[in-house]
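User: Please take a close look at the aromatic rings in this model. I would like the pairs, their geometry and their surroundings in one connected account.

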Amino acid sequence: MSAPHEAKTRTTAVVLAGGTGQRVGLAIPKQLLKIAGKAVIEHTLTIFEQADCVDDVIVLMAPGFVPDVEKIIAKAGLTKVTRVIEGGATRNETTERAIQALGEGLGEGEDLNVLFHDAVRPLLSQRVIKDCVDALDRYQAVDVAIPSADTIIVTRTHGEDGEFITDVPDRSRLRRGQTPQAFKLSTIKRAYEIAAGDPNFQATDDCSVVLRYLPDVPIYVVAGDEYNMKVTQPVDVFIADKLFQLASTAAPRQADEAAYRELLSGKTLVVFGGSYGIGADIASLAERYGATVYALGRSTTGTHVENPEHVEEALATAYAESGRIDYVINTAGVLRIGKLAETDNATIQEALNVNYLAPVQIARAAYKYLVETKGQLLLYTSSSYTRGRAEYSLYSSTKAAMVNLTQALADEWAGDGIRVNCVNPERTATPMRTKAFGQEPAGSLLSSEAVARTSLDVLLSELTGHVIDVRQQDPTRGASEASGFEQALASVLDRQEDV
């Protein structure tokens with residue numbers, strides 16, 4: 001008879017949200033500040049909600065703001081959060097309250113994996129979480145840190161003369177600490193029990209408590225990442241918001257062809273811009289998998305997306321005939337290149353009507369149908385949305401607007417269950433591009449079929465408010481190996497050459 005498997009140790013994430021917004025210049029705690037359409041703490045809690053290796057979450061919130069966090073949790077449907085507790089006057093007191101709460105209900109000899117994480121680090125990656133939990137299989141205490149890119153100096157103040165350098169430590173051995181900090185509950189609890197007997201006890205983090213009061217316990221270091229920043233200063237708010245805007249997301253692929261058929265059979269898609277290119281390929285794929293598809297375009301159905309009446313009529317027809325609309329996709333667009341000062345009014349108006357006002361009208365008209373099915377609106381941007389460049393002022397500015405429209409509507413419609421996403425293909429072989437640039441070298445462009453396939457993956461996912469990059473795969477590195485923010489950085493660098 002085989003030996004029974006050892007029970008898996010439960011893992012609890014403790015989100016420390018006891019700080020205030022004083023350094024950011026706010027009257028409310030900085031963890032309640034909105035970044036990318038959501039409170040900072042909601043972003044952070046969502047990360048742990050999605051972490052397979054985390055079983056439950058408790059929050060230690062600044063006194064007086066517990067109801068605010070409870071409302072955020074309820075609205076976002078964060079099921080892993082089991083308790084929201086008032087934090088203490090100091091970081092150490094807040095941790096002690098968390099330890100006490102975690103110990104309640106544990107049986108004799110039971111232990112727990114605990115991850116203490118700053119609420120104002122909303123860009124934590126799933127990789128770091130998993131590495132911390134895995135490390136607790138071998139160690140009792142784990143820290144997260146990254147190398148210091150800056151030279152660190154030690155100074156001393158001499159009266160009114162100011163500061164003077166007293167030492168320059170070897171940078172190769174210096175690390176910048178991040179969170180989470182992970183422990184066996186029994187270990188961190190024991191460290192704080194010993195610390196309680198020290199009248200001079202004070203510490204700014206939990207690993208330093210273990211280091212000082214349990215010196216025989218090794219503290220393992222997990223590699224953090226540069227994106228795991230702490231929102232502390234006013235400039236951090238801007239940087240974090242921009243990182244969220246630029247971050248790309250990989251849409252999960254279905255297991256096989258049968259999975260696509262199962263998920264799309266009986267669903268209705270309305271595709272504006274479905275005459276050719278990406279839109280036509282989406283329509284073809286979806287029909288192959290059993291969906292009812294209405295592919296609409298100027299050259300095939302006479303549908304002009306810039307005409308609100310055409311949009312409303314197309315949606316009403318699809319609904320009347322199929323009885324539902326699950327997905328509305330808009331791939332229609334025009335690319336006009338030229339110096340703005342030399343562009344006539346008709347060309348400007350066309351660009352605004354087709355690239356901006358049409359998606360707005362499509363979104364507005366589609367709402368009443370998508371709210372019935374808890375469906376999705378899918379828009380498209382361009383690699384030029386992150387930075388406008390000469391002779392693309394109309395195109396890149398309207399494509400930047402698509403990203404903002406996506407993120408705004410995802411937030412606005414979240415309570416209605418409607419998802420809104422935006423696909424960002426790199427340079428793609430479409431008739432629109434060929435018309436603008438002529439024939440380009442084979443292999444230099446992404447195929448419209450690849451973009452269509454990813455588009456279906458997005459439609460079938462639970463994603464909302466995301467920008468999904470579609471890029472030609474680097475054969476030396478799988479997309480899953482890079483974090484979303486690493487992909488964002490790569491995308492930004494590549495976009496310097498893209499249009």
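**Aromatic pairs and their surroundings**

The count of aromatic pairs comes to 7 in this predicted model. One of them joins Y192 and F201, with 6.0 Å from centre to centre and 85° between the planes, an edge-to-face arrangement. Y192 has a relative accessibility of 4%, and because the limit for buried is under 20%, Y192 counts as buried. Y192 and F201 also belong to one aromatic cluster together with Y213.

Y260 and Y289 make up another pair. Their planes lie at 15° and their ring centres are 5.1 Å apart, so this pair is stacked; the cut-off for stacking is an angle under 30 degrees. The two residues come from distant parts of the chain, 29 residues apart. Y260 belongs to helix α8 (residues 257–264), whereas Y289 is in the loop between α9 (277–288) and β13 (292–296). Both partners count as buried: Y260 because its relative accessibility is 4%, and Y289 because its value is 1%.

Charged side chains also meet the rings. R453 lies over the face of Y260, 4.9 Å from the ring centre. At Y220, the charged end of R138 sits over the ring, at 5.5 Å from its centre.

T454 is placed in helix α14 (residues 448–459). With 10% relative accessibility, T454 counts as buried. Leaving out residues up to four places away in sequence, T454 touches R253, I468 and V470.

Methods
Residues are numbered from 1 along each chain as its sequence is written. This is a predicted model: local features need pLDDT of at least 70, side-chain atom pairs count only at pLDDT 80 or more; totals for chains, interfaces and linings use all residues. Side-chain values use heavy atoms; hydrogens and water are left out. Helices (H or I, at least four residues) and strands (E, at least two) are DSSP runs, numbered from the N terminus. Buried means under 20% relative accessible area, exposed over 50%, partly exposed in between (1.4 Å probe, protein chains only). Contact means heavy atoms within 4.5 Å. Rings of Phe, Tyr and Trp (its six-membered ring) pair if their centres lie within 6.5 Å; planes under 30 degrees apart count as stacked, over 60 as edge-to-face and the rest as tilted. A charge sits over a ring if NZ of Lys or CZ of Arg is within 6 Å of the ring centre and within 35 degrees of the ring normal.
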